[in-house]
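Hello,

Here is the structure we talked about handing over. My notes on it follow below.

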Amino acid sequence: MSFLKYWYAAVQEIKVGALEGMFGYQPTIYMPKPGSKDIYQRLAKQCENMKIPIIPHGLNDVELLRQALLRPNTDVILDAIFGFSFKPPVRAPFDAVLPLINDSRLPIVSVDIPSGWDVEKGNNHKIGLRPDVLISLTAPKEGVKDFVGRHFLGGRFVPRFIESKYDLNLPVYPGFDQIVELISEKNSHSQDTQETEDK
């Protein structure tokens, strides 16, 4: 095979690999305030290179988000708007975005802590997202103790001495799994519902 044919075949494999890398999903990114730090710039460039559309920020970005949520092929929202350092109040444009997402009636999956929730006090201001699923990273945050949806923990890398030092009481991960579902009295009904749907 000539170098040009090999290069073309490699490029085609990379394109297919990028599509497969999204596990069959076709995401759209909403990033109304692109971060100025290098990591955010690199993440945006990675999305651009993988042909993942980013809703352009500007005067009508909330309306563009509304339109994206109404598309027939939009079936889930992955919430990673705020991190665990968020403190109220919610400022523009997020004060319009959070209700828009909540009112979309689409399933919401939040990463680490639902956007708009205080890491220690939870959704005490009643302004945060109401996700169906929460994926906590490293350890569940104190503010999610009243969360009632399906709750997973990811991040099987906390050394035992750290777990003991901070009394984290982390669950046992089965086998080689990197994620474990957390069941509590608050969310046990959501697990029962899921098991019924799976049958």
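**Notes on the model**

Lys 145 is exposed, with a relative accessible area of 52%. The model is a predicted one. Lys 145 sits in the loop between strand E5 (133-137) and strand E6 (150-154). Neighbours within four places in sequence aside, the contacts of Lys 145 are Glu 120 and Lys 186. Lys 186 is 41 residues away from Lys 145 along the chain, and their C-alpha atoms are 8.3 Å apart.

The loop between E5 and E6 also holds Thr 138. Thr 138 is not a glycine, yet its phi is positive, about 70 degrees. Its relative accessibility is 30%, so Thr 138 counts as partly exposed. Asp 112, in the loop between E4 and E5, is likewise a non-glycine residue with a positive phi, of about 75 degrees. Asp 112 is buried, because its relative accessible area is 11% and buried means under 20%.

Leaving out neighbours within four places in sequence, Leu 65 touches Tyr 30, Ile 55, Val 97 and Leu 100.

Which residues of H4 are buried? They are Phe 94, Val 97, Leu 98, Leu 100, Ile 101 and Asn 102. The buried residues of H4 pack against E1, H3, E3 and strand E4 (108-111). After H4 comes Arg 105, with a positive phi near 65 degrees.

Now the aromatic rings. How many aromatic pairs does a search of the whole structure find? The search returns three. In one of them, Phe 82 and Phe 86 are stacked, at 4.6 Å centre to centre with 10 degrees between the planes. Phe 82 and Phe 86 are both buried. Phe 82 and Phe 94 form an edge-to-face pair, at 5.0 Å centre to centre with 65 degrees between the planes. This pair links distant parts of the chain, 12 residues apart: Phe 82 is in the loop between strand E3 (77-79) and helix H4 (94-103), whereas Phe 94 is in H4. The relative accessible area of Phe 82 is 15%, so Phe 82 is buried. Phe 94 counts as buried too, at 11% relative accessibility. Through ring pairs, Phe 82, Phe 86 and Phe 94 are linked into a cluster.

The loop between E3 and H4 also contains Pro 89 and Pro 93. The peptide bond joining Pro 88 and Pro 89 is cis, with omega about 10 degrees. Ala 92 and Pro 93 are joined by a cis peptide bond as well, with omega about 0 degrees.

Last, the surface. Phe 23, Tyr 25 and Val 76 make a nonpolar surface patch of about 370 Å². Phe 23 belongs to the loop between helix H1 (3-20) and strand E1 (29-30). Why does Phe 23 count as exposed? The relative accessible area of Phe 23 is 73%, and exposed means over 50%.

Regards

Methods:
Residues numbered from 1 in each chain as written. Predicted model: local features only at pLDDT ≥ 70, side-chain atom pairs only at ≥ 80, totals over all residues. Heavy atoms only, no water. Patch = residues over 30% accessible without salt bridge, like charges linked within 9 Å, V, L, I, M, F, W, Y side chains within 5 Å. Areas by Shrake-Rupley, 256 points an atom, 1.4 Å probe, with all protein chains shown as cover. Salt bridge = Lys/Arg side-chain N within 4 Å of Asp/Glu carboxyl O. Helix = DSSP H or I, 4+ residues; strand = E, 2+ residues; numbered from the N terminus. Buried < 20%, exposed > 50% of the residue type's maximum accessible area, 1.4 Å probe, protein only. Phe/Tyr/Trp six-rings, centres within 6.5 Å; stacked < 30°, edge-to-face > 60°. Contact = heavy atoms within 4.5 Å.
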